[in-house]
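Student: Please take a close look at one part of this model, the place where the two chains meet. I would like one connected account.

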2 protein chains.
Amino acid sequence: MKVIILKENLNNGLIIVSRVAGKNLTLPILNNILLTTEKNFLGLSSTDLELGIKYWSLGKIEREGSLTVPAKALTSFVNLLPEKKINLEVKNQVLSIDCENNQTKIKGLDAQDYPIIPKIEGENYIELNILPFCEGISQVVDFTAPNQTRPELSGIYLNFQRDRVQLTATDSFRLAEKTLYFEEKTNKEQSFILPQKTARELINIFSEKRGKLKLYFSPNQVLFEYPMPETPHPQIQIISRLIEGDYPDYQGIIPKKYEVQVVLSKNELLNQIKTASIFSGKGNEVRIKVNPKKEEVEILSQNPELGENRSVLPGKISDSSDKTKETETIFNYRFLVDGLSNIKSSKVVFELNGEEGPAVLRPEGDTNYLYVVMPIKTT
Amino acid sequence: MKVIILKENLNNGLIIVSRVAGKNLTLPILNNILLTTEKNFLGLSSTDLELGIKYWSLGKIEREGSLTVPAKALTSFVNLLPEKKINLEVKNQVLSIDCENNQTKIKGLDAQDYPIIPKIEGENYIELNILPFCEGISQVVDFTAPNQTRPELSGIYLNFQRDRVQLTATDSFRLAEKTLYFEEKTNKEQSFILPQKTARELINIFSEKRGKLKLYFSPNQVLFEYPMPETPHPQIQIISRLIEGDYPDYQGIIPKKYEVQVVLSKNELLNQIKTASIFSGKGNEVRIKVNPKKEEVEILSQNPELGENRSVLPGKISDSSDKTKETETIFNYRFLVDGLSNIKSSKVVFELNGEEGPAVLRPEGDTNYLYVVMPIKTT
């Protein structure tokens, strides 16, 4: 292999593919990046066997070939090189890198021994606008279940219908659902559970990019493809296994009615809950009292060792089943902070259902995002 | 105690004094901040018994008194309050804090039980310009010895002479010395060893401030005092114990001559040493070869498992005892990176003394800072 490539082109690719390499102790070759030549591209690939990334960097291919090279050393080394042309050459499984006044040799491992990253063939794809898709993923990605007792809850559920996709995550204490509508209807009705790790990498890799992603389906895997700007050739492919199992029918958890609905300033509510949290006990408990008559929301917390906090916010009661009844609900303040942090509007709608019923937070005037949170039971 | 105070005034003080509170398990009252009223000031104090901080916040004192209150809760709570007036009131060792629509009670501990922070009386002080003093401290503070086998090396040595102060730190592998000249000569010739922790707090607290610090001496302690802007009243006092013992006579370690002196671009040298470090072995070894005939410096590193790196930098040989002799010295790359990172000029002077002699790094055209580094011995 012999390749001439601009530092920038190589560096941009390495930063992305090195994200999944370099964390495997049992199979050392997975700490490496696979370099391959393809027409006028240098291909960079990595995989942790659940998630694979491939990046195509434009370069001048003088001799074809391939090798795998330690990801961490190669990436941090190339990152420090000046913004010049780099000469890469492979001889006897050693990669020589020459750039200006800097000469380096890195020992590699045979490309034959690198696991094959599966491909998805065919034309069964959906086009997704990157910006809303990454924003939507980021609004639900934190709320998957952390442990493995119910694997199907450890990922994000993507439910594609003709005109929309719903992104859902829940850890059974809270649930977030984002709906994205398509500009054009599709005839693809599919659903799958995407591992949280893949979802986080999608945000990390694509959230600064613009344009469209192609999403290819297969029964056990999905492929996200980002094209090289102004060409049909892919620049980045991310292939991920899916989580097996059926996602629970969560629609029953989303309350269809409420005892009281109050509209508050999002920042004021978030700030007062953070303030109250300083005085919450070990259970992270804060009490939310809604007084429809006074049109105010009271936030209380108490810690017998430290002290107590009480604040009052004006809250417009937009609807209530009983205009005189004061309601009081106890929440884990972290769950409220998490939900509010994912609401982008200046006003938030807070719907409460008594001491034990699930509450809903959502942006005012926007039905495409909702966050359901269970109260802490007092009994 | 009853005080009305602007949030900003209280918050600015709490951020500073809370730095040393809140880390003591054996004496819980040290996790608290001491609040006292003094004329038209609210005094905030904290100590860890080695380092004490006092801050005076301007406020309206309606009733005198004092209390100690948990530092972490008070500081994070006040920080979240709106930029308004705060009413503080102490009753039965509980501090009530009212601010707009927020009411809070924090349980305190008796001010009588708080350890007395010693004072230094008298007029025996030196005035220091904050900006160069903090910059100078920051150029040596990282190089004190980490362990307690030689306590006198665990601090920074400040040696005040009539026209200057020398700031020195060494861990016996490397030594940094900064000299600051005074605008006016003093008649104070004093020296002491300041704990590294105090030095770091001086940088943290004062490096964004301007003007002058007063430094008061006593045999076992020093006091740094920062005045309230446009008044003679102190705003911040930092009192620190000193490290006992005699600082070693380090002047003998600083080489008075060199085999070869080379001038290099600081950023290029730093960058190439970082690049070489990727391929250095477990001993962090990089080799520096100076070739006076070719006027170049070669940087080499090698790791039998990973590979090797070689780079060449143009280096102006400003002086050499033998214009034909190539010298080669092995260094711990971290020590070179640390020294170069504290040199602010664009060119660096590198003076080498063969395989085993100490080398010196210093800014070109500036004799007020020098960094001595011992090579790694090959035998």
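Tutor: Strand β9 (residues 102-107) of chain A is joined to β21(B) by five bridges, and the two run antiparallel. Strands and helices here are DSSP runs (E, at least two residues, for strands; H or I, at least four, for helices), numbered from the N terminus, and two strands pair if DSSP finds at least two bridges between them. Within this pairing, Asn309(B) in β21(B) stands opposite Thr104(A). This is a predicted model, in which local features need pLDDT of at least 70 and side-chain atom pairs count only at pLDDT 80 or more, while totals for chains, interfaces and linings use all residues. Residues are numbered from 1 along each chain as its sequence is written, and chains are lettered from A and ligands numbered from 1 in the order in which they are written.

The contact as a whole takes 24 residues from chain A and 24 residues from chain B, two residues being in contact if their C-beta atoms, placed from the backbone, lie within 7 Å. On the chain B side, two or more residues each come from α2 (71-80), β9 (102-107), α5 (266-277) and β21 (307-314). The most, seven residues, come from β21(B).

Chain B superposes on chain A by a rotation of 180° with 0.0 Å of shift along its axis (RMSD 0.0 Å), fitted by least squares on the C-alpha atoms of residues with pLDDT of at least 70 in both copies. The two copies are therefore related as by a two-fold rotation axis. The same surface serves both copies, as 100% of the contact residues of chain B recur in chain A.
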